[in-house]
Amino acid sequence: MINKWKRLVYPALIFVLLFSLSACGNTRNGTTEESPVHVSEQSSTNEETNSMSDGSGISSQPANQSSKDSITDVKDVNETPKSRILVIYFSRTGEQYTVGVIDHGNTAIVAEMIAEKTGADLFEILPEEDHYPKTYKELTDVAKKEQNDKARPAYAGDLPDLSNYDTVFIGAPVWWGDWPMIMYTFFEKNADVLAGKTLVPFATHEGSGLSGFDRKLAAVCPKAAVAKGLAATGTECQKDRESVRVKIDGWLADLGVRESLASAASRNTESSVGDDDADDDDDD
Ligand SMILES: Cc1cc2nc3c(=O)[nH]c(=O)nc-3n(C[C@H](O)[C@H](O)[C@H](O)COP(=O)(O)O)c2cc1C
């Protein structure tokens, strides 16, 4: 009887022990040697945030802490940007931490919710060559090497014309306690055109929170205003979208995004009044 009990309980104890080790590990710089994921969420503070007022209606207020319709084609976005707000993001499908194999990236889910709620244009940053493995462990190895090498992986194709936007929401998964290196490629290439704009960071993660995304963004784009960011876990993106929606609503309200939407709406109304050349054929 005791032997039977041991056969049942010991494997369960070993599983719990192994899982705890992979989640916690030895912490270094907010990450671990063995696993990039650690469990104590650190939220970003306003002091870390480089805030400026640019009249966009978005301020750096404390935040609470996201239907893939379509990702707009760059050409369409540049010819008829429908908003002064852009949501730009990087995200991966495949095997992800704790949520298994996913076909809709966690950060993509948040990005799409933000775009839906703000009426923003939406753009996904894709690697020029998709060298990122679809299995979690292999992906963490590639990401760690890129971080160690301070790599600047190229992204594919053309970006939307960033000069069309006042406010740019920028999101990515936390990779080893930091933005994925491909995001630094984007920041460094576009720091000049992002100057004077309001940048709003958002992250998905599994325990590290925003991981200083705002502070790191402000450092690499020093002439932009960086507003308070939002962090959501990949698990809630996959399993509890309603709570992510609620978070995003509170955050957007704190940021005053409705105000900027209202002014964008009035701008659109003004420009369409008496616009005899308005072309209705574009709605197809
Ligand atoms: C390479 C890699 C590194 C990661 N590093 C961290 C980390 O340091 N802290 C954390 O909380 N989560 C970490 N995660 C978990 C991801 O941030 C999380 O699963 C995220 O939601 C994935 O988003 P995506 O589906 O948009 O790519 C890591 C995941 C990967 C693949």
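## Strand β8, covered on both sides

In strand β8 (198-205), T198, V200, F202 and T204 point one way while L199, P201, A203 and H205 point the other, and all of them are buried. That makes 8 of 8 residues for β8. Buried here is a count: 20 or more other C-beta atoms within 10 Å of a residue's own, with 12 or fewer called exposed, anything in between partly exposed, and the C-beta atoms placed from the backbone. Helices (H or I, at least four residues) and strands (E, at least two) are DSSP runs, numbered from the N terminus.

A word on the source: this is a predicted model, where local features need pLDDT of at least 70, side-chain atom pairs count only at pLDDT 80 or more, and totals for chains, interfaces and linings use all residues. Residue numbers start from 1 along each chain as its sequence is written.

## Who pairs with whom

Strands count as paired if DSSP finds at least two bridges between them. β8 runs parallel to β7, with 7 bridges joining the two.

## Strand β7

β7 (residues 167-173) is mostly covered as well, with 7 of its 7 residues buried. T167, F169, G171 and P173 sit on one side, V168, I170 and A172 on the other, and both faces are covered. Strand β3 (residues 85-89) pairs with β7 in the parallel sense over 5 bridges; V87 is found opposite F169 in β7.

## Helix α3

Helix α3 (residues 106-118) has 13 residues, which at 1.5 Å a residue should span 18 Å, and its end C-alpha atoms are 19 Å apart, in agreement. The expected span is 1.5 Å times one less than the number of residues. Because 11 of the 13 residues of α3 are buried, the helix is largely enclosed by the rest of the structure. Among the buried ones are N106, T107, E112 and T118.

## Around the ligand

Of the 26 residues around the ligand, P36, S91, T107, P173 and G234 come nearest. Near means that the C-beta atom, placed from the backbone, lies within 6 Å. The shell splits into 11 nonpolar, 13 polar and 2 charged residues; Ala, Val, Leu, Ile, Met, Phe, Trp, Tyr, Cys and Pro count as nonpolar, Asp, Glu, Lys and Arg as charged, and the others, Gly among them, as polar.

α3, α4 (136-148) and β8 each supply at least two shell residues, and α4 gives the largest share, 4 residues. Domain 1 (2-77) and domain 2 (85-268) each contribute at least three, the bounds coming from an automatic or database domain assignment.

## S211 in its loop

S211 lies in the loop between β8 and α6 (213-220). This serine counts as buried because it has 26 C-beta neighbours inside 10 Å. The C-alpha atoms of S211 and W176 are separated by 9.3 Å, although the two are 35 residues apart along the chain.
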